Amino acid sequence: MKQGRNDKPKMRVSFDLDEVLFVLPETHKTEPPLHFPFNYIYKERLRLGTPDVIRALQSQGYEVWVYTSSFRSMNYIKGLFRHYHVKFDGIVNGNRHVKEVQRDNKEQLPQKLPSKYRISLHIDDEAIVCSLGKQYGYNVYQLNAQDDDWKEKVIACADKIRKREFGE
């Protein structure tokens, strides 16, 4: 983990992409679409408040990661978020997960394993990912429906975990 002030490790928070940060405008409030021609390259729409919550977490000393089971390339993810002035501290996509987590394990591991990357809090919409948190040693916040207060809830959850695990 990166070291922060006073050489304390930074707590890592990760977000899933599909149905968490990438949502449909028909079901969720979204950030304005990107301008031409980028709206044709990056068709996904961000949940309203996504850039704000990522920057807020980073300004409060958290590392913010993406952990997705999708096989979008790292460059694609970085490029899309660059247009919203967001830079992640780490990205785990489907390719990286298969290479580094599943590897040659004969037993099928979960599609996401945040504890492998020392991620303390993972935000996801899938019930199965959320239900496996305790068994595999990670905290999870389930986010799927439209919620105007989602940013505050995610930050409060991160703060609670940081106080419990890091004594801050």
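**Charged pairs and cysteines in a predicted model**

Good morning. I begin with Cys130, which counts as buried at 13% relative accessibility; buried here means under 20% relative accessible area, exposed means over 50%, and partly exposed lies in between, with a 1.4 Å probe and protein chains only. The model is a predicted one, in which local features need pLDDT of at least 70 and side-chain atom pairs count only at pLDDT 80 or more, while totals for chains, interfaces and linings use all residues. Residues are numbered from 1 along each chain as its sequence is written, and side-chain values use heavy atoms, with hydrogens and water left out.

Let me stay with the cysteines. A disulfide is a covalent bond between the sulfur atoms of two cysteines. The criterion applied is a pair of cysteine sulfur atoms within 2.5 Å, and the structure holds zero disulfides. Cys130 is in no disulfide, and the nearest cysteine sulfur, in Cys157, lies 11 Å away.

I turn now to the charged side chains. Side chains of opposite charge can pair when their charged atoms come close. A salt bridge is taken as a side-chain nitrogen of Lys or Arg within 4 Å of a carboxyl oxygen of Asp or Glu. By this rule, the model has 11 salt bridges.

One of them joins Glu100 to Arg96, with the closest N and O atoms 2.9 Å apart. Both residues belong to helix 4 (residues 94-102), where a spacing of four residues separates them by about one helical turn. Helices are DSSP runs of H or I with at least four residues, strands are runs of E with at least two, and both are numbered from the N terminus. Glu100 is partly exposed at 28%, and Arg96 is partly exposed at 23%.

Is Arg162 buried or exposed? At 13% relative accessibility, Arg162 is buried, whereas Asp159 is partly exposed at 22%.

Next, Lys153 and Asp147 meet in a salt bridge at 2.8 Å, N to O. Lys153 is partly exposed at 37%, while Asp147 is buried at 17%.

Finally, which residues form a network of salt bridges? Asp16, Lys112 and Asp124 are linked in this way. Thank you.
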